[in-house]
Amino acid sequence: MAERMLKFTTVARATPAKRAADERNGDFHEIYADFIDAKATEQASRCSQCGVPFCQTHCPLHNNIPDWLRMTAEGRLEEAYQLSQATNSMPEVCGRICPQDRLCEGNCVIEQSGHGTVTIGSVERYLTDKAWEMGWVKPLTAKADRGQSVGIIGAGPAGLAAAEKLREEGYAVTVYDRHDRAGGLLIYGIPGFKLEKDVVERRTQRLADGGVVFKLGFEVGRDATLEDLRDKHDAVLIAVGVYAARDLVAPGAGSQGVVPALDYLIASNKKTLGDDVPAYDSGVLNADGKDVVVVGGGDTAMDCVRTAIRQGATSVTCLYRRDKANMPGSLREVSNAEEEGVTFEWLAAPRAVMGEAAGVTGVRAIRMRLGAPDASGRQSPEEIDGGDFDRPAQLVVKALGFEPENLPQLWSAPDLKTTRWGTVKADVRHQMTNLDGVFAAGDIVRGASLVVWAIKDGRDAADAMHRYLMTKTSAISIAAE
């Protein structure tokens, strides 16, 4: 191992080739190339194989990163892939969209020593893409039929991760989703330049081929109540995510031309998938030829500004009320957006949306400064007197985060307990709600978060549901004796 690894002092950090901004701005294809075999092996060899793998401990899934890096460096690629997928239902997705700079790579020991982090995400993506190419990704096979069924509400990352594990255990699994494609935000919320849709579709197809049943275009509350699904299945998982947009509180925020980020991104993704999207064709959810202002500083805001560039916007401005260092989104995405021509107004917040009867004409914003730290040490933004400025805009996108929908009301399930934030209450250890046999996982429990956390929660929920159903089967057997 020694001669293969610890090459961080002689091998410089390198990422896969990235297409030039003027080339990528005209399409929605991914901007990074895959590693070639030799480059993946070389970059994996930079791992220091440290005694305490901070990369692994800071990964929500606790992926065994040092070992599959070592296997990659040694050319044992199939073994490396098998190890990477043992703890992760979608390693190629995480390799593309995880904010590694805040998780595994940001806590890499050699990064802290100034040598530049191991490019963990790129190697992870390479391994799984290679596995699909070489046929190492095996079909989903189920154990003997247990005679029990599970209903999963939501075909996003949490629901898909749970469906895979439960089907492997021999349960009949049905996934319900309101959209016409499985994948949730992986399909409709994340643009193709970060995650091309065939990457997601081959995963959902693998589940379908393995016996997972997808009921798409199915909306709980319209097509069935939660109680209906409880009657139909032995256990139910709520994994719907959080879709309600936080509103922009400013005069004129209800004007024509002010749109929620998710509506905007869904329209764009549907269009690139070849769907008929009237709101896009009419220009309501299309940035072509417009000055665009996006309000927000998270990854969704970055998706919106970079989508607007590709749609042919005249100008794209991002308003964020804190500075760049305090931005919640990935700095890698900020850098990509800057390269593509997005203007960032740091320490700036909207005061009013200006408009006429025909629609929005601009945004009046105010310069901010960071005040004294609060008890948590976080500085609150404060307005600067006389710091008003205007930006032209015919399209304003609200990317201020997401909140849960009112599930008890929408689903005719008044007994389902939620927190004061609207998230579903679930036992920390067992992930069961207050309703027997009803579990919850992902953003609908923890609030808007990362895809990698949703995958972890879905896998943990599957384990909890398996234990519950095994106990239920044992109780029935005992009663029958």
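Me: Before anything else, what counts as buried, exposed or partly exposed here?
Reply: Buried is under 20% relative accessible area, exposed is over 50%, and partly exposed is in between. Bear in mind that we're looking at a predicted model.

Me: OK, so where does leucine 6 fall, buried, exposed or partly exposed?
Reply: Leucine 6 has a relative accessibility of 42%, so it counts as partly exposed. You'll find it in the segment before helix H1 (21-24).

Me: And what's the phi of leucine 6?
Reply: It's near 60°, a positive value, and leucine 6 isn't a glycine. Most residues other than glycine have a negative phi.

Me: What about histidine 62, what is its phi?
Reply: Histidine 62 isn't a glycine either, and its phi is positive, about 50°. That residue sits in the loop between helix H3 (54-57) and helix H4 (65-73). With 43% relative accessibility, histidine 62 is partly exposed.

Me: Switching to glutamate 340. Where is that one?
Reply: Look at the loop between helix H16 (331-339) and strand E9 (343-345).

Me: Is glutamate 340 buried or exposed, and why?
Reply: Buried, because its relative accessible area is 4%, and the cut-off for buried is under 20%.

Me: Which side chain does the glutamate 340 side chain make a polar contact with?
Reply: The side chain of arginine 310, at 2.9 Å. Setting aside neighbours within four places in sequence, glutamate 340 is also in contact with other residues, including Ala21, Asn25 and Ile309.

Me: New topic: holes! How many cavities of 30 Å³ or more are there?
Reply: Four. The largest cavity holds about 110 Å³ of space and has 14 lining residues, with Cys59, Asn63, Cys98, Cys104 and Glu124 lying nearest its centre. H4 and H8 are the elements that give two or more residues to that lining.

Me: What kinds of residues line the largest cavity, by class?
Reply: 10 nonpolar, three polar and one charged.

Methods. Residues numbered from 1 in each chain as written. Predicted model: local features only at pLDDT ≥ 70, side-chain atom pairs only at ≥ 80, totals over all residues. Heavy atoms only, no water. Helix = DSSP H or I, 4+ residues; strand = E, 2+ residues; numbered from the N terminus. Buried < 20%, exposed > 50% of the residue type's maximum accessible area, 1.4 Å probe, protein only. Polar contact = N/O pair within 3.5 Å; in protein donor to acceptor, adjacent residues only side chain to side chain. Contact = heavy atoms within 4.5 Å. 1 Å grid on protein atoms, 1.4 Å probe; cavity = no way out; pocket = protein on both sides within 12 Å on 5 of 7 lines; lining within 4 Å. Points joined across faces, edges and corners; volume = space filled by probe spheres on them. Nonpolar A, V, L, I, M, F, W, Y, C, P; charged D, E, K, R; others polar.
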